[in-house]
Amino acid sequence: MTGFFNSTLGMSYGWSWFLATIIGILVIALPLMLAVAMIIYADRKIWAAMALRRGPNVVGPFGLLQSFADGLKVFLQETIVPSAANRGLFLLAPIITFTVALIVWAVVPFQPSVVLADINVGLLYVLAASSLGVYGIILAGWSSNSKYPFFSAIRAAAQMVSYEVAIGFVLISIVMWAGTFNLTGIVEAQKGLYGFINGFAFNPLLFPMSVVFLISSLAETQRAPFDLTEAESELVAGYQTEYSSMSFALYWLGEYANVLLMCTLNATLFWGGYLPPFDWAPLYVVPGIIWLFAKILFFFFVFSWIKATVPRYRYDQLMRLGWKVFLPLSLFWVFLVSGVLMFMRVGV
Amino acid sequence: MIQALAFYLFALVVLLSGAMTILSRNPVHSVLWLILAFFNAAGLMVLVGAEFIAMLLVIVYVGAVAVLFLFVVMMLDIDFAELRAGFVRYAALGLLLAVALVAEILIGVGAWSAGGIDLARRAAPTDAGVPNIEAIGQLLYTRYLFIFEGAGLVLLVAMIGAIVLTHRERSGSRYQNIARQNARRPQDATRNVRPEIGQGVQL
């Protein structure tokens, strides 16, 4: 798009780059917000269907406008800042969560060469941004100056830091196999496995890592069964307890944007991203973005399915799974994958 | 133009947040200012084309180290009056450190402006076309392999040291033995008895 502004409209390179980037951000962020609203509705519907309920069905046809009604309701409410709270940080925390949930989308490839920032440290950028996500929650817990949010924040921070370690090792195996940190490069490296199938998950060596990554991404986004930070039987509403109105809505949006992002990462890193599932020419007629969306929606369904069916973990079980199962397993897999790669490239 | 603006923005924020780190009264705010300083330092790294270092700075310092800082500071019960009482006592030492640092900066600037530093004759000028990660990997795993391994060893020793120093055996805590729980069957755990009236059950 920079080229379009630069050559067709005759702007200087700097300005056309600036304009193209702004437009790119809007083109990603606005539909994302719409998608988040619809995905909240979908989540509630799926959950309701699995519990043999109807779910939202009043506002609009099939209740489709429920999320917008909720958004409007929340928007009209009063923002209450507790008098004991640390005012500046209290208001800053949801903004951090929401921003961090959005910035990662800059490196997600939607189609071949359709990506906002095609940087060669793409995966590291994803890791860096996801490690920032913990601040929104810690700050909310601390600045609320209230017991339950603080407990929740400590739980959340420990949980996210623990599972980030496992995620990091999983990503290293992927990077070694693909030979690049660039997300587009990783997607392209998944093309034509065994000559007919697209996706690292079909590789028996990398498949266990896709399972580890799926479970870790549940823990990283604090979805059930790892939603201990919002365990309503113990912690009221967790770190969001003291929040109301738009600051609460920002958490809501940020959380679901993160869930969508994790679904996208699952699809992109292991299931071929924008590539069709089979490496067969007629399938490439369908644009890549449709394949990507289909995969994202599939993973979101899996997330909702897990939420509706799996009971919540105990905290010590969560820590055990992260540190004593996933960390050694993924570390071992790093050795295994690098060994196999050495064997394939160099020979015995 | 944009690079220059971004540089001054990042540099200004680094300096300001560094100053606020030591000026703010609340230690949690101090840590947050420190995080902002790290973050903007990462921005500066991106500007000089060291994107790998920038990402590592964010992942390691902002994502892990600063979170632990924040944890510790939030948990600590800090007595502000006591903190301030030490100010006069340590003022001389602090002043000495500040003077030493300023002297180092002056010496550095003096050596730079005296000339004689030939940038073209650096140890290993890498090709600008090679991505950061590859260039660093090439150097670390070939030329500086032993130093790199040595650094890893130091980290390992530090890790073991931290575990040894902080680990304490708790007596009397009862851990869940999952394998034993799973291996347990109803016939091991329950017993059907039909006691005579007035006899009771032997447990």
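Select helix α5 (residues 122–143) of chain A together with helix α6 (residues 147–178) of chain A: their axes come within 8 Å and cross at roughly 175°. Because of that angle, α5(A) is roughly antiparallel to α6(A). Show side chains next, including Leu123(A), Ile137(A) and Trp142(A) of α5(A), which take part in the contact with residues of α6(A), among them Phe150(A), Met160(A) and Val175(A). By class, this contact of α5(A) with α6(A) has 15 nonpolar, 5 polar and 1 charged residues.

Helices are DSSP runs of H or I, at least four residues, numbered from the N terminus. Axes are lines fitted to C-alpha atoms, for helices over the stretch in contact, with angles running from 0 to 180 degrees between N-to-C directions. Angles under 35 degrees count as roughly parallel, over 145 as roughly antiparallel, 65 to 115 as roughly perpendicular and the rest as oblique. Contact means heavy atoms within 4.5 Å. Ala, Val, Leu, Ile, Met, Phe, Trp, Tyr, Cys and Pro count as nonpolar, Asp, Glu, Lys and Arg as charged, and the others, Gly among them, as polar.

This is a predicted model, where local features need pLDDT of at least 70 and side-chain atom pairs count only at pLDDT 80 or more, while totals for chains, interfaces and linings use all residues. Residues are numbered from 1 along each chain as written, chains are lettered from A and ligands numbered from 1 in written order, and side-chain values use heavy atoms, leaving out hydrogens and water.

## Stop two: α2 and α3

Now pick helix α2 (residues 13–50) of chain A and helix α3 (residues 66–76) of chain A, whose axes come within 8 Å and cross at roughly 115°. That angle makes α2(A) roughly perpendicular to α3(A). Zoom in on Leu34(A) and Tyr41(A), among the α2(A) residues that meet α3(A) residues including Phe68(A) and Asp70(A). The residues of this α2(A)–α3(A) contact divide into 6 nonpolar, 2 polar and 2 charged.

## Last stop: chains A and B

Finally, colour by chain: the contact takes 24 residues from chain B and 25 residues from chain A. How much area is buried between chain B and chain A? About 2,100 Å², of which carbon and sulfur atoms give 80%; buried area is the accessible area (1.4 Å probe) that two parts lose on being put together, summed over both. Across this interface of chain B and chain A the rule finds 0 salt bridges (a side-chain nitrogen of Lys or Arg within 4 Å of a carboxyl oxygen of Asp or Glu).

Terms used. Helix = DSSP H or I, 4+ residues; strand = E, 2+ residues; numbered from the N terminus.
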